[in-house]
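Here's a quick briefing on chain contacts and aromatic side chains. Have the structure open while you read.

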6 protein chains.
Amino acid sequence: MIYITRRERFNAAHRLFRSDYTDEKNLEVFGKCSNPNWHGHNYELFVTVRGEINKETGFLVNLKTLSMLIKSRVIVKLDHKNINLEVDFMKDKLASTENLAVGIWNELDESVRELGAELHCVKVVESENNYVEYNGK
Amino acid sequence: MIYITRRERFNAAHRLFRSDYTDEKNLEVFGKCSNPNWHGHNYELFVTVRGEINKETGFLVNLKTLSMLIKSRVIVKLDHKNINLEVDFMKDKLASTENLAVGIWNELDESVRELGAELHCVKVVESENNYVEYNGK
Amino acid sequence: MIYITRRERFNAAHRLFRSDYTDEKNLEVFGKCSNPNWHGHNYELFVTVRGEINKETGFLVNLKTLSMLIKSRVIVKLDHKNINLEVDFMKDKLASTENLAVGIWNELDESVRELGAELHCVKVVESENNYVEYNGK
Amino acid sequence: MIYITRRERFNAAHRLFRSDYTDEKNLEVFGKCSNPNWHGHNYELFVTVRGEINKETGFLVNLKTLSMLIKSRVIVKLDHKNINLEVDFMKDKLASTENLAVGIWNELDESVRELGAELHCVKVVESENNYVEYNGK
Amino acid sequence: MIYITRRERFNAAHRLFRSDYTDEKNLEVFGKCSNPNWHGHNYELFVTVRGEINKETGFLVNLKTLSMLIKSRVIVKLDHKNINLEVDFMKDKLASTENLAVGIWNELDESVRELGAELHCVKVVESENNYVEYNGK
Amino acid sequence: MIYITRRERFNAAHRLFRSDYTDEKNLEVFGKCSNPNWHGHNYELFVTVRGEINKETGFLVNLKTLSMLIKSRVIVKLDHKNINLEVDFMKDKLASTENLAVGIWNELDESVRELGAELHCVKVVESENNYVEYNGK
């Protein structure tokens with residue numbers, strides 16, 4: 001069993017808030033992240049998959065294929081987008097890094113299996129001081 | 001003459017576009033950065049000042065004072081904000097990193113002089129692949 | 001189950017030595033880290049907590065609360081301090097990174113539980129080449 | 001149980017290819033990594049060992065000893081070398097990062113045990129976007 | 001006058017040696033960098049251009065255009081290549097980082113001018129400990 | 001004219017204070033950096049030299065020679081030391097990063113000339129947020 005990790009990046013706008021809260025309540029709970037005019041981040045996404053090394057290629061998976069999978073299923077939906085308004089898998093969810101990590105896991109889980117590997121961890125880095133990890137359980 | 005640099009950070013949303021362009025024209029000129037729903041970045045700001053070492057303290061300037069100056073005059077206006085909509089010194093300007101660097105220079109120039117130093121360079125890092133530097137000339 | 005990590009930083013002096021060793025013996029066992037006049041580091045501390053996502057907020061824990069907890073219970077005791085002489089939870093312990101990680105774990109374990117999460121990992125980075133991780137078992 | 005990690009670095013040339021493939025087939029499977037004239041990387045190697053803290057020293061293992069072990073058993077064989085042509089433990093293997101991680105594990109496993117610790121993880125970083133982890137199972 | 005910098009990356013093999021030296025002499029002068037079987041690096045290339053901000057776009061140059069220029073004139077020639085054997089602008093030159101920086105400058109100088117800017121600096125980072133800068137004079 | 005930069009690192013303890021100040025005055029002027037029990041940093045030192053490329057070697061200077069020069073004249077005096085108590089070229093000076101940069105410049109200036117190059121810049125990075133540059137004028 002070996003683990004391989006691919007990093008991809010995306011820039012996006014978001015806002016943390018609940019429409020059933022007042023602006024004051026949103027500010028109290030979510031702080032400056034609730035700014036109604038949005039703010040944004042350079043997100044880093046680390047996708048770790050696990051499995052056996054293919055004897056023919058020496059690869060667990062072809063990293064180019066893995067990269068294209070992540071780009072086509074996740075990055076294209078998030079990069080230079082507004083997470084609250086434009087991302088199908090985040091619809092009706094709070095745009096927190098936690099929910100983002102779970103959402104990205106669900107976008108990737110099955111397609112990684114089709115590559116002959118298993119999704120092991122989705123890590124979303126929101127800033128140099130904060131990151132979230134999810135491993136599907 | 002010695003140079004000292006302080007890094008501060010801010011997260012913000014922005015959009016590159018001209019209101020006198022159609023959406024198609026904006027997309028053509030500014031690419032995905034023109035997304036009407038905004039996107040955002042983790043910006044890093046490096047402020048370099050120059051001057052003589054104060055013999056009494058061994059400092060060019062007290063870094064805590066410099067940090068507080070940058071925070072009060074620049075970061076508080078930009079952090080978790082929308083650069084197009086909420087930043088006074090960017091009003092009526094394209095929210096490019098170039099204009100941001102010039103705008104930040106103008107916010108800091110005089111107050112750095114009051115600290116007994118001269119502003120030497122404002123560097124704005126928009127992503128790990130792009131940054132802009134301005135030195136007032 | 002989701003994992004969220006907060007990074008905080010502190011600068012501190014320390015020395016690796018045993019008072020029951022001679023200086024020669026200390027030098028032999030601890031190398032230049034035994035310098036009687038101290039040396040120091042920029043330490044990075046990564047605190048990972050785990051738990052369920054709160055449906056109301058989309059958060060595992062509020063990162064601002066977690067950050068303030070780490071600062072009030074750990075950083076304030078270590079930052080710009082001498083680990084051997086001034087840190088209560090390191091009293092009578094060798095000031096190694098290993099003992100530091102265990103000591104920080106003990107400072108945080110209960111208070112993280114009061115936030116509704118569980119402490120998962122304390123990672124102390126002493127230099128770009130060395131780090132220690134502890135997960136309480 | 002505590003975990004300590006030491007980073008070492010090496011620069012090496014390699015090529016991904018099978019001698020039983022044509023150049024066209026190698027290009028199809030391995031992409032530009034199959035270039036017959038080689039290419040190379042600045043590899044980072046993170047070796048994590050685990051065990052109990054030695055009460056006498058406060059150390060899990062002496063990092064200087066661990067560093068010298070990694071250098072003498074691994075780095076000296078890889079640094080400024082051609083992985084395909086010159087590295088004994090990679091002989092007759094595809095020079096993939098996956099195989100490199102497994103090969104390095106096998107070089108270190110027993111000698112780490114002689115230090116009184118257990119090898120926990122070998123992580124090989126090939127670029128800022130790719131890394132492989134192996135933990136012996 | 002404003003300065004904008006774009007980072008691009010390439011992986012390449014090289015060897016430092018003179019064909020009119022013996023292997024022993026090459027080893028003496030160039031150290032392990034003279035290994036006849038090659039070694040390699042993850043190079044980072046920082047290209048800084050300078051000029052006036054275009055009032056219509058807020059840009060000095062469109063970074064996408066600059067990136068494509070660097071890729072088409074430099075990266076495509078260097079990435080996953082052997083610098084000694086395959087790079088036209090390094091033909092008959094020692095494959096040092098110094099010569100590489102000058103070579104890249106010459107590849108870019110004129111085409112940057114066609115973008116309406118001036119090439120200001122070419123910085124080639126060979127490892128985390130070494131880099132070379134050239135500004136054409 | 002080309003510029004080459006070598007990074008070296010050192011860990012040291014220091015304290016910012018004047019013996020002719022009271023503890024209260026030191027605290028007021030130097031903040032927590034005046035802690036009488038010391039604190040410390042992982043310093044990074046970037047030494048940039050300039051000159052012509054040697055046609056015989058393709059080098060400005062041999063980086064191994066430059067590295068050994070920096071280590072023997074600067075790093076050995078600073079690494080794992082107390083800057084206030086143990087560093088000859090900092091004797092009777094405030095242990096600020098500014099004075100450190102000037103002190104290191106003076107240690108290196110002549111010996112770099114003996115290598116056939118000119119010292120261009122000494123950059124001392126004290127933390128990820130602060131650094132000082134000095135170029136001898």
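Chains D and F share no contact (heavy atoms within 4.5 Å), and their closest C-alpha atoms are 14 Å apart. Chains B and C don't touch either: no contact joins them, with 14 Å between their closest C-alpha atoms. Bear in mind that this is a predicted model, where local features need pLDDT of at least 70, side-chain atom pairs need 80 or more, and totals for chains, interfaces and linings use all residues. Side-chain values use heavy atoms, without hydrogens or water, residues are numbered from 1 along each chain as its sequence is written, and chains are lettered from A and ligands numbered from 1 in written order.

**Ring pairs**

- Rings of Phe, Tyr and Trp (its six-membered ring) pair if their centres lie within 6.5 Å; planes under 30 degrees apart are stacked, over 60 edge-to-face, and the rest tilted.
- Over all chains, the count is 24 aromatic pairs.
- E:Phe10 and E:Tyr43 are stacked, because their ring centres lie 4.8 Å apart with planes at 15 degrees.
- That pair links strand S1 (residues 2–14) and strand S2 (residues 39–51) of chain E, 33 residues apart; strands are DSSP runs of E, at least two residues, numbered from the N terminus.
- Both E:Phe10 and E:Tyr43 are buried (under 20% relative accessible area, 1.4 Å probe, protein chains only).
- F:Phe10 and F:Tyr43 have centres 4.8 Å apart and planes at 15 degrees, so they're stacked.
- F:Phe10 and F:Tyr43 are buried too.
- A:Tyr21, A:Phe30 and C:Phe59 form a cluster through ring pairs.

**Charges over rings**

- A charge counts as over a ring if NZ of Lys or CZ of Arg is within 6 Å of the ring centre and within 35 degrees of the ring normal.
- D:Lys123 lies over the face of D:Phe46, 5.3 Å from the ring centre.
- E:Arg15 puts its charged end over the ring of E:Phe17, 3.8 Å from the centre.

Conventions
Helices (H or I, at least four residues) and strands (E, at least two) are DSSP runs, numbered from the N terminus. Buried means under 20% relative accessible area, exposed over 50%, partly exposed in between (1.4 Å probe, protein chains only).
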